[in-house]
Amino acid sequence: METVLMNILGAVATFLVAFVVGMTYGGLSRKITARVQNRKGPPFYQNFIDAFKLGSKKSAIHHGAMHHLGPAFLMVSSVMTLMLVPVLTHNNWYPNLNFKGDLIFLLYIMTFGPLGMALGAGQTGNPNSAIGVTRGLSQMVGFEIPWVLALVSLMIQYHTTSITGLMAAQAHTGTWLMFSSPFAFIAAVMAMLGMFRYSPFDIVGAPTELASGPIAESGGKYLFVMMSSGSVFTFAKLTLYVDLFMGGADNLGILLIKTFALYLIPMLYGVTTPRYRTEQAVRWFWGWPSFFGLLAILQAVIF
Amino acid sequence: MMNDKNSQKIVDIIQNWARKHSIWVLAYGTGCGAIEIPPTMTSRYDAERLGVRGAATPRQADVLLITGYLTVKTMKRVIRVYEQMQDPKYVIGFGSCTINGGMYYDSYNTIKVLDKYLPVDVYINGCMPRPEAVLSGFAQLQKRIAEGRANGAKEYKENLEWYRANQKKIIPNWVMPEYNW
């Protein structure tokens with residue numbers, strides 16, 4: 001009984017940490033983008049103010065049950081991803097649901113949120129939302145291929161389909177997977193550029209082109225839920241990368257350093273590049289990233 | 001809660017503080033004034049440091065920025081945009097044209113006084129107002145929000161019939177959906 005209670009408390013604590021860290025990273029990315037553009041920029045806690053303001057909007061219109069549920073789907077998917085990813089290695093305070101094959105399950109659950117969101121956006125009847133959804137799904141088809149190739153190569157090389165198994169393999173050999181299977185890491189990082197939807201892959205929610213796409217008809221509290229679920233999802237994805245390729249983290253400080261270092265890659269690539277068109281983005285993902293993914297498979301099979 | 005009125009006051013102060021520091025602007029570029037928005041937002045004047053940021057759609061926006069003259073034809077769209085916005089919402093009238101018609105004072109198809117059709121919270125004077133003036137207008141709006149005096153949307157709801165009558169006077173073919181904002 002006590003362990004169940006501890007697990008629930010731990011899950012809540014994990015969620016809170018993910019929320020705060022994700023929001024702060026979002027604010028820092030706004031600040032850094034501003035500094036790159038030679039502006040002063042908003043304070044790093046600006047995202048918290050925005051979220052609070054959105055949450056305290058007095059009216060919130062929705063266009064039907066599915067539109068109402070869309071953000072909830074997004075949140076459920078984010079929280080499930082977070083619960084599957086081991087946050088800290090040797091710590092019982094942050095529990096995670098690990099089982100054989102959770103890496104494969106994770107691949108599915110990570111696409112579940114955007115799909116629910118797509119259903120919600122479809123009900124608004126806004127043409128911009130529909131275009132945004134099609135673009136998002138095309139882009140997903142693009143970056144899922146190098147991402148899956150990278151993960152499959154890891155599974156072949158280390159004969160395990162669980163995240164904790166891969167972490168144990170790293171702890172056993174003493175080298176990070178980043179160095180022992182570099183091609184998989186390169187493919188996964190290139191896929192990450194699409195996953196985070198920073199420029200040049202911000203084709204889904206392009207504000208000037210599509211009026212922010214799928215979220216065009218959502219304001220106030222809906223936007224607040226989407227924003228917080230995005231923050232949680234950011235943290236979950238970064239932690240997953242750290243677990244898979246950088247040997248996990250023993251305490252929160254090391255985790256923050258590693259995740260922020262990874263987060264800088266899509267962010268700094270984003271501030272210096274303009275937006276791709278949809279077909280350019282898909283072609284980009286099916287080019288070099290997929291090539292590195294295939295190399296990773298070859299490496300896994302041969303060595 | 002011990003004292004409901006007082007606790008509501010504290011909540012209001014906190015919420016107004018957040019609203020003040022996070023203003024998402026829908027710039028409705030009807031006239032020449034739209035050209036002053038890019039310098040306000042970009043490196044030279046950087047409105048984002050004050051929490052002022054562009055919104056993509058009316059649903060996400062807090063402030064409707066009406067930049068310049070409004071013809072009768074665009075007036076209909078402006079009303080629709082305003083009614084799609086979510087409470088609490090504010091309107092900024094930008095430039096002389098929204099105050100008294102400006103250089104279009106004797107035009108047959110522009111409106112002269114914006115306040116008769118939409119509740120304006122803050123006017124920014126000038127033809128054109130420079131980015132400094134725009135920032136000062138935002139500062140004025142922030143002050144009014146913090147004091148809880150930016151109640152344009154509330155007035156609009158209370159005096160809806162008066163506003164509707166004025167709007168229908170200039171828009172003869174009134175075919176508009178009813179919004180349950």
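A: The answer below goes through the sheet of chain B and then the chain around it. The model is predicted, so local features need pLDDT of at least 70 and side-chain atom pairs count only at pLDDT 80 or more, while totals for chains, interfaces and linings use all residues. Residues are numbered from 1 along each chain as its sequence is written, and chains are lettered from A and ligands numbered from 1 in the order in which they are written.

The sheet of chain B is open and has 5 strands, in the order β2-β1-β3-β4-β5, with parallel pairing. Strands (E, at least two residues) and helices (H or I, at least four) are DSSP runs, numbered from the N terminus; two strands pair if DSSP finds at least two bridges between them. The edges are held by β2 (52-54) and β5 (122-124) of chain B; each has a single partner strand, so one side of each is left without a neighbour in the sheet. From one strand to the next, the twist averages 30 degrees. Such angles run from 0 to 180 degrees between N-to-C directions, with axes as lines fitted to C-alpha atoms, for helices over the stretch in contact.

Helix α3 (residues 72-84) of chain B touches β1, β3 (63-67) and β4 (90-94) of chain B, and its direction makes about 165 degrees with that of β3(B). Helix α5 (residues 131-147) of chain B also packs on the sheet, where it touches β1, β2, β4 and β5 of chain B; its direction makes about 170 degrees with that of β5(B). Contact here requires C-beta atoms, placed from the backbone, within 7 Å.

The sheet sits in a chain whose secondary structure comes to 7 helices and 5 strands. Along the sequence, chain B follows the pattern α-β-α-β-β-α-β-α-β-α-α-α. Of the contacts in chain B between residues at least 6 apart in sequence, 80% join residues at least 24 apart. Buried residues, those with 20 or more other C-beta atoms within 10 Å of their own (C-beta atoms placed from the backbone), make up 40% of the 181 residues in chain B. The C-alpha atoms of chain B fill a box of roughly 60 × 40 × 25 Å along the principal axes.

How values were computed:
Two residues are in contact if their C-beta atoms, placed from the backbone, lie within 7 Å. A residue is buried if 20 or more other C-beta atoms lie within 10 Å of its own, exposed if 12 or fewer, and partly exposed in between; C-beta atoms are placed from the backbone.
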